[in-house]
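I begin with the pocket.

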Amino acid sequence: MSFLGHRSLMYKQGSSHSQDPMLKRDCFEDILEERRNSSDLKYALRCYAPVLYKGVTPCKANMLKNIVLQSDQLHYVINQVSQESGEAPDIIQEEASVILEEMAHRLQISTVRCFAFALSKAFKTLFQHVCVNEEGIQRLQQAIQEHPVVLLPSHRSYMDFLLMSYILYTYDLALPVIAAGMDFMGMKFVGEMLRMSGAFFIRRSFGGDKLYWAVFSEYVKTMLRNGFAPIEFFLEGTRSRTCKSLTPKLGLLNIVIEPFFKGEVFDVNLVPVSISYERILEESLYARELLGVPKPKESTSGLLKARRILSEDYGSIHVYFGQPVSVRSLAQGKVNRSTYNLFPRHIPRKPMEETQSFVNDTAYRIVRLQEDNMVLKPWVLMASLLLQNLEGLELSVLTEQTVWLRGLALSYAAFLDWPDQAPTAKVVSSSLALHRGLACVSGDRVSLVVGEPLGPVTPEEALFNRAVSVLSCASYRNQVLHVFLRPAMLAVAMHTAASSKKNEVYNCFSFLWDMFSNDFILCPGDTDFEEACYLLVKTGAVQMPQQDIVMTDIGQPTLSFFNGLLEPFLQGYQVVCRYLCEEASEGLTEKQYIPAVRSFAVKLILAGSAG
């Protein structure tokens with residue numbers, strides 16, 4: 001029996017959504033509520049009988065590996081590599097077997113039960129709520145039975161893939177097989193436990209290793225074609241250290257879509273999943289990584305040292321399972337699948353231009369859907385305001401401006417979780433209490449917290465500490481950027497254009513669009529300029545008489561906020577351009593470039609503060 005019928009407590013969104021039918025969203029359920037009131041051991045050992053794709057029988061790990069090693073496509077590549085290298089096919093076949101052994105998952109329900117028990121304990125300690133949209137779970141349950149499913153979660157924390165499996169186990173859904181980086185495999189005991197929980201391990205880059213790519217792609221496609229389990233991977237390829245969406249990577253998406261193009265499956269359902277953290281476990285770690293501190297190596301000892309986070313409060317998590325996206329429906333009229341009949345299916349081919357364009361558009365569409373369903377907490381609005389007032393704000397002013405920004409965000413259809421019936425002052429004070437490591441109230445003034453040094457520090461060290469505070473806060477501001485990005489770009493374009501003529505403003509907007517296309521999720525062909533104009537007109541910030549775009553009498557606060565929102569990104573480009581003009585040498589490598597720009601920025605900041 002599905003656990004869908006076993007809970008009655010629903011975690012409802014704020015009244016702002018329920019009052020406006022245009023902003024109606026799914027209701028959320030706090031899955032930790034039941035865990036706090038019943039036995040974790042019974043939960044872990046309960047009957048688990050998920051419904052599978054068309055009733056298939058789960059495939060044993062060894063059987064899956066045999067299917068891959070006997071596939072026509074892999075044999076074709078093995079013979080190719082044998083001819084190119086001069087080695088016997090049997091030796092190449094053995095290499096393929098070793099690669100697959102290193103890569104493959106060994107999903108075992110006993111290990112999953114151990115994780116279910118341990119994660120229940122950890123989640124109840126770390127988080128106040130873990131909220132899931134039940135309608136999304138019901139849609140997913142139906143989708144799994146109809147066609148192969150690919151789960152595509154956003155990626156902001158190591159917690160993401162553990163959380164996904166925990167939720168699917170809770171709702172009696174088929175557990176996913178998860179693409180994980182090879183660095184996790186090096187963790188003693190934990191690496192093997194992850195493998196036995198459904199993780200399969202892949203290299204971060206394959207280079208030109210034709211055999212590795214063939215084994216990997218055939219392994220994924222075999223799981224997809226047979227519907228043994230949902231496949232899960234992160235479109236962005238890695239965790240976003242800035243907490244804004246990254247440009248999607250297309251390799252794995254190409255692989256899971258190809259069986260549809262070749263007619264090996266009727267359809268593939270892509271399910272975008274948005275995971276929103278009220279407080280990110282890695283917030284200060286990310287800031288230090290961005291400032292050049294090496295990323296800690298994944299290790300079991302490091303995991304044990306991280307137990308101190310269990311004494312912290314990380315607020316709530318919201319997980320939104322989006323509407324399944326049918327690849328068949330998306331491809332209608334865009335991709336001519338008949339061309340795949342002209343070649344034997346087992347011969348690997350580079351994707352055609354129209355196919356590559358379709359996969360790219362699909363990837364951006366999925367990331368936009370992830371963004372649209374991100375649940376935003378009041379703190380992201382407060383962080384946005386504090387970063388534009390680094391000297392601090394009076395608590396009353398911060399509260400007033402947060403209410404103003406809340407109204408603006410809701411008018412732009414932001415998915416905002418604002419507590420029902422709670423006084424605004426209490427909402428603000430609760431957010432400040434949860435994020436007391438980032439902001440503090442002194443007297444009646446709110447300002448960012450800078451770590452206190454243990455002794456005398458150099459100007460560079462003081463600047464580093466300040467930068468950690470600002471970047472940690474920026475990771476929360478970045479979570480709301482997708483809501484305000486297009487009107488903010490228009491505000492900057494209006495500020496920099498030579499006149500108020502619409503075509504002049506449009507030219508500036510287009511320049512910003514091109515410049516920011518690798519920073520934000522901007523899809524070619526989207527009507528971003530028209531959307532930006534509509535939103536600013538809707539909120540009364542601009543008006544468009546004839547062929548002009550002009551600020552209204554009440555538009556100054558909105559446009560000023562939007563200009564300030566994008567200012568750090570513009571300043572970043574200015575610093576880079578200045579470095580390239582003033583100091584960059586001819587043979588500068590990419591590895592040297594980032595530390596060099598960072599040092600140059602430090603020099604500029606210190607010179608400015610000294611002057």
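**Entry 1: the largest pocket**

I looked up the largest pocket and found about 2,300 Å³ of space in it. I keep in mind that this is a predicted model.

Next I asked which residues line the pocket. The lining has 45 residues. Leu290, Leu291, Leu471, Pro568 and Gly572 lie nearest the centre.

H25 gives the most, with eleven residues.

I also sorted the lining by residue type. I noted 25 nonpolar residues, ten polar and ten charged.

**Entry 2: salt bridges**

I turned to charged pairs. Side chains of opposite charge can pair when their charged atoms come close. The count for this model is 26 salt bridges.

**Entry 3: Glu258 and Lys221**

The side chains of Glu258 and Lys221 meet in a salt bridge, at 2.7 Å from N to O. Glu258 lies in helix H12 (residues 251–261) and Lys221 in helix H11 (residues 210–226), so this pair ties together parts that are 37 residues apart in sequence.

Are these two buried or exposed? Glu258 is buried, because its relative accessible area is 19% and buried means under 20%. Lys221 is buried too, at 3% relative accessibility.

**Entry 4: Glu264 and Arg225**

Glu264 forms a salt bridge with Arg225, and their closest N and O atoms are 3.3 Å apart. Glu264 sits in the loop between H12 and strand E7 (269–277), while Arg225 sits in helix H11, so the pair ties together parts 39 residues apart in sequence.

I checked accessibility again. Glu264 counts as partly exposed, at 27%. Arg225 counts as partly exposed, at 24%.

**Entry 5: Glu289 and Arg241**

Glu289 forms a salt bridge with Arg241, with the closest N and O atoms 3.0 Å apart. The pair links distant parts of the chain. Glu289 is in helix H13, and Arg241 is in the loop between strand E6 (231–232) and H12, 48 residues apart.

Glu289 counts as buried, at 16% relative accessibility. Arg241 counts as buried, at 15%.

How values were computed. Residues are numbered from 1 along each chain as its sequence is written. This is a predicted model: local features need pLDDT of at least 70, side-chain atom pairs count only at pLDDT 80 or more; totals for chains, interfaces and linings use all residues. Side-chain values use heavy atoms; hydrogens and water are left out. On a 1 Å grid over the protein atoms alone, a cavity is a set of points where a 1.4 Å probe fits but cannot get out, and a pocket is an open set with protein on both sides within 12 Å along at least five of seven lines; lining residues have an atom within 4 Å of a point. Grid points are joined across faces, edges and corners, and a volume is the space filled by probe spheres set on the points. Helices (H or I, at least four residues) and strands (E, at least two) are DSSP runs, numbered from the N terminus. Ala, Val, Leu, Ile, Met, Phe, Trp, Tyr, Cys and Pro count as nonpolar, Asp, Glu, Lys and Arg as charged, and the others, Gly among them, as polar. A salt bridge is a side-chain nitrogen of Lys or Arg within 4 Å of a carboxyl oxygen of Asp or Glu. Buried means under 20% relative accessible area, exposed over 50%, partly exposed in between (1.4 Å probe, protein chains only).
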